[in-house]
Amino acid sequence: DNQIRFVKSALWYHGYGRPELYQLPSDGSAGSRELLLAFSWLLHRISLLEQLLAWNRVKTGDETSVCTCEDDLLNSQKSTTEVAPEYGLEDRVDVRYLQWLNGKLRFQWQSLHAQHQEQCKLLHKIHLFTSGSHMDQILGHFSVTETDLVRQPENYSQLLQLLESETMQLEAFLEWKQLEPVYWQWMETVLDNMAEEGNTSKPQGTHVEKSERPKVTLSCPWADSLTGQIDRLSSDLMTVHDQLHKLVTHRKAAWCEKVKTREEELQKDGFSATARKIQESVELKLLDLTCLCAPKKNKMHGLCRLVFRSKHPASKTGFRRPVSKEPVSAVSATEVIRELQMREASLERELKQLQEECRRRLDAIAEGLDGVICVSP
């Protein structure tokens, strides 16, 4: 029961929208074909096998996860609100329980942050003490795994077994990629059979909505015409972008003159601070608008190996060795911090908007209560 409910909850969270799966009995007596469809959907939607390979990968270096791309949680929620399972939350949930969960989550988050800071300090010590000892000129220092192997060489057999297991998984994945087209052809026949069974099981008097299912084909004859349309739209958008840029520049100059004149007229103490706050808010909004209108660049996402960089890299023996300034496709911490600060400012503005909306709704509810005085925090 618990396993089946967990599977349904996980599929609903990822946005699986087939209602027949959520109507299956909880005793597992039926639904093997529905599970096959759900498994195939996960293979295509979230790249399940690639994620499993990344999860089980043997990490010989000190890595950290870097992600500056926007998550599509809001988009996935739009498709999952209509397919809520029957075993979901009740209509009414105690607010105090939600507050307790929020406090527990905050405490765990702070504990995790403190542990991560301690881990960073220990990694810095290892990288600093082993600087100049590695044969690789790009790295120049040992990782935690390499340091442990140096201290305890007998553990290399266990690491060798893990690497052999990972090699077997990669070989199996390569074999799967060769046979994957056969699997998807088989899944198309399964879908066709299920569609035919669904049509025959429907009464003749009922109206059935037909929806075209896009078939996966290797060749797309309409790709050339679509590419031409995309090119024309791109040129039109660039023209409109240039026109809007000129218009914004002209209006910005006009507004600057008006603001300057108005500031000279007012000459008040609080005007400068208020104008500075308004200017910062407008700059942040324009920055978000620029990011939305700019062409999408490749966001940083995935694991990156931590490499210690010192101003004076030297080995313990006293001589310096030539170390490359930056490895290939390196990610600077300053760049990641800048991206995260922009994301933080955007989330803070969104949070303030939601708080104002909640405050207005609470005020509207409080006005309808007789004899109750509500003091806003």
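Ser47 sits in the loop between α3 and α4 (48–55), where helices (H or I, at least four residues) and strands (E, at least two) are DSSP runs, numbered from the N terminus. Although Ser47 is not a glycine, its phi is positive, about 50°. Most residues other than glycine have a negative phi, and most peptide bonds are trans. Ser47 counts as partly exposed because its relative accessibility is 32%; buried means under 20% relative accessible area, exposed over 50%, and partly exposed in between (1.4 Å probe, protein chains only).

The model is predicted, so that local features need pLDDT of at least 70 and side-chain atom pairs count only at pLDDT 80 or more, whereas totals for chains, interfaces and linings use all residues. Residues are numbered from 1 along each chain as its sequence is written, and side-chain values use heavy atoms, with hydrogens and water left out.

## Composition of the chain

Eleven helices and two strands make up the secondary structure of the chain, and from the N terminus on the elements run α-α-α-α-β-α-α-α-α-α-α-β-α. Of the 377 residues in the chain, 15% are buried. The accessible surface comes to about 31,700 Å², of which 58% belongs to carbon and sulfur atoms; these areas come from the Shrake-Rupley method with a 1.4 Å probe, and for residues only the protein chains shown count as cover.

Among contacts between residues at least 6 apart in sequence, 68% join residues at least 24 apart, a contact being heavy atoms within 4.5 Å.

## Helix α1 and its end

Helix α1 (residues 2–14) has 13 residues, which at 1.5 Å a residue should span 18 Å, and this agrees with its end C-alpha atoms, which are 18 Å apart. The expected span is 1.5 Å times one less than the number of residues in the helix. After α1 comes Gly15, whose phi is positive, near 100°.

## The nonpolar core and its surroundings

In soluble globular proteins, nonpolar side chains tend to be buried together. The largest nonpolar core in this model has 15 residues, and those with the most contacts inside it are Leu11, Tyr16, Leu21, Leu37, Ala38, Leu42 and Leu48. At least two residues of this core are supplied by each of α2 (19–22), α3 (32–45) and α8 (156–201). Such a core is a set of buried Ala, Val, Leu, Ile, Met, Phe, Trp, Tyr and Cys residues joined through side-chain atoms within 4.5 Å. Not counting residues up to four places away in sequence, Leu48 touches Phe39, Leu42 and Leu43.

Trp184 lies in helix α8 and, with a relative accessible area of 27%, is partly exposed. Its C-alpha atom is separated by 8.5 Å from that of Ser40, 144 residues apart along the chain. With neighbours within four places in sequence left aside, Trp184 is in contact with Ser40, Leu43 and His44.

## Salt bridges

Side chains of opposite charge can pair when their charged atoms come close. Seven salt bridges are counted, each being a side-chain nitrogen of Lys or Arg within 4 Å of a carboxyl oxygen of Asp or Glu. Arg18, Glu20 and Glu34 are linked in a network of them: the closest N and O atoms are 3.7 Å apart between Arg18 and Glu20. Between Glu34 and Arg18, the closest N and O atoms are 2.7 Å apart. Because Glu34 lies in helix α3 and Arg18 in the loop between α1 and α2, this pair ties together parts that are 16 residues apart in sequence. Glu34 counts as buried at 9% relative accessibility, while Arg18 is partly exposed at 25% and Glu20 is partly exposed at 35%.

Another salt bridge joins Arg96 and Asp94, with the closest N and O atoms 3.1 Å apart. Arg96 counts as exposed at 62% relative accessibility, and Asp94, at 38%, is partly exposed.

## A surface patch and a buried threonine

Val93, Tyr97, Leu98, Trp100 and Leu101 form a nonpolar patch on the surface, with about 480 Å² of accessible area together. Patches are made of residues with over 30% relative accessible area and no salt bridge, like charges being joined within 9 Å and nonpolar side chains (Val, Leu, Ile, Met, Phe, Trp, Tyr) within 5 Å. Leu101 belongs to helix α6 (residues 95–129) and counts as partly exposed at 33% relative accessibility.

Thr147, in helix α7 (residues 144–151), counts as buried at 18% relative accessibility. Apart from its neighbours within four places in sequence, Thr147 is in contact with Ile126, Thr130 and Phe142.
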